[in-house]
Amino acid sequence: MTGELELQDVTVRYGDTVAVDGLTATLGDGQIHGLLGRNGSGKTSLLSVAAGFRRASGGEVLLDGQQVFENPGAVRRMCCIRGAGDTVEHDWPGDKVTHALELAATLRPRWDRGWADRLTQRFNLPLRTRLGELSRGQRAALGVVLGLASRAPVTIFDETYLGMDAPSRYAFYEELLADQVEHPRTFILSTHHIEEVASLFETVLIIDDGRLMVHEEADALRARGAAVTGPAEAVDAFTADLDVLATTRLGPTRSDTVYGELDDHHRRDARERGLQLDPVPLQDLFVHLTEATDRAHTHSATAPGGRP
Amino acid sequence: MNAAPQTADRWVLARHRLRDDALGILLLWSGFAAFVFALVFAVAAFRPIELSGWETASQIPRWFAGGMGIYMTAVYLPLYIAHGFTRRESMRQLTVATAGSITLLAVLMTLGYAIERGIYAVAGWPQELVQSHLFDHASNYPLILLEFLLLFTVWAAAGAFAGSAIYRNPAYGLFAVPVGLAMVVVSEAALNPGFLEFVTAIGGWLGVEADGVSVTASLVITLGCLALATPATWLLVRDLPLRNQQA
């Protein structure tokens, strides 16, 4: 019940603005993929194209080899929840939580009504409340229910759970993981709560300025980052040939965040120099990587001969 | 790889829309009819009733038909796309559902004339018509039904065109709304030659007498409006991008 999603040279333009710039990636079936990127990096545009909500300006999206856009066989297998999900909301008597769930039950071929009921109870969603009267957190929880209970082979959550409180978010992660074991499907999670959800990710995509910056197995990506801490001179010598993303100093002590795999030789060298090597949380790695890109942009914009 | 899943009911959208809309139309029409006839009785308390009140009141439902068209493309189409349906299959089923709803509305509006006829007969009031129509008296139900069908069709088609333009880009709406209004004005003028002065020219061109209304001309104009609105709407929705949702 899973699906492999191929993004082939996907480009999204809004007039002169390029939101996604020739992005190519394959999202393996039955995995949980984390899509990370700063605000305005092109995440939502990319996911909209992936789900067939928008036609790509260039390139194409394939689900198990079939084009997604305007293909009933493909779009029926996708569920993309943007924000709190797409529901009719005019605050009319017919626009209640229960009606949004009934609509999904009618239209989603794999809708799990029993699980939807349990999720609704777990997130304390008031069924008889009008959609317009829900709090931000409740609306987000409704989006989560619509996405999870759809059991769509490719389920996408685009910043859906931003408004949920911590217990609700943890309940969401728990439900998602438990269901993934029982009924594997392809999940794509776009989030700003990186560290909180990082343990769920099997692969991580980081996009910046519409371009794919990193696409790796989550464990491999974590192994690529390390914090090197010790006397400033020793750290300086150790990281001289490494890709340093960030540096912090406290008196004579310095800590460099480096990006790149450290082999046994490096680790032995660090021990001999009295340096401490620590893993870098995914969120820190994301911050340093995207900041490094920003710095590179700034540098190229201000450097003599650099193109603005 | 899994076989492509299919919803068991191939017309699920049309059924869903028809079920919801038919119930809403029945409820709204019941309230509307009760209000109109109550108003007629209220007026009768102060002055004699000499004209059909239903004819005057029937100006309002055509706006409702236009609203149905707007909802079809600006609200329901994006909703169904978000729930895993293509634009093509959504539009096909929404068109069928809207046609069904319009037919129901036309039947109910025709029924209004019949109910009014009974009330007026009991009260001894004449059920005179003010405007020109396809029908020349208020008991010519087949032509009354046909006129409402033609009117509502054009209003809904114009609404769907305007709705799709507004959803796609509000700036397009600045162009589409006047075009949609022009469609309904031409349609109204064809059914009521006294509607606007320029109808004389249009009527003459189509062979319509100034003091009468031709069923053929009305059909031609309705089909002409549909021939304009349908491809124009499809051009706007065939690759309609969904607007982003806010959390």
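Student: Is Trp54(B) buried or exposed?
Tutor: Trp54(B) is buried, with a relative accessible area of 0%. Here buried means under 20% relative accessible area, exposed means over 50%, and partly exposed is in between, with a 1.4 Å probe and protein chains only. This is a predicted model, in which local features need pLDDT of at least 70, side-chain atom pairs count only at pLDDT 80 or more, and totals for chains, interfaces and linings use all residues, while side-chain values use heavy atoms, without hydrogens and water. Residues are numbered from 1 along each chain as its sequence is written, with chains lettered from A and ligands numbered from 1 in the order in which they are written.

Student: How many aromatic pairs are there over all chains?
Tutor: The count is 15 aromatic pairs over all chains. Rings of Phe, Tyr and Trp (its six-membered ring) pair if their centres lie within 6.5 Å; planes under 30 degrees apart are stacked, over 60 edge-to-face, and the rest tilted. Phe37(B) and Trp54(B) have ring centres 5.4 Å apart and planes at 15 degrees, so this pair is stacked.

Student: Which helices hold Phe37(B) and Trp54(B)?
Tutor: Phe37(B) lies in helix α1 (residues 12–44) of chain B and Trp54(B) in helix α2 (residues 53–57) of chain B, so the pair ties together parts 17 residues apart in sequence. Helices (H or I, at least four residues) and strands (E, at least two) are DSSP runs, numbered from the N terminus. Phe37(B) is buried, with a relative accessible area of 10%.

Student: Which charge lies over the face of Tyr76(B)?
Tutor: That is Arg17(B), at 3.6 Å from the ring centre. The rule asks for NZ of Lys or CZ of Arg within 6 Å of the ring centre and within 35 degrees of the ring normal. Arg243(B) lies over the face of Tyr167(B), at 4.5 Å from the ring centre.

Student: Changing topic, how many residues does the contact take from chain A and chain B?
Tutor: The contact, meaning heavy atoms within 4.5 Å, takes 36 residues from chain A and 33 residues from chain B.

Student: How many salt bridges are there between chain A and chain B?
Tutor: There are three salt bridges between chain A and chain B, each a side-chain nitrogen of Lys or Arg within 4 Å of a carboxyl oxygen of Asp or Glu. One salt bridge is formed by Arg55(A) with Asp239(B), the closest N and O atoms being 3.8 Å apart.
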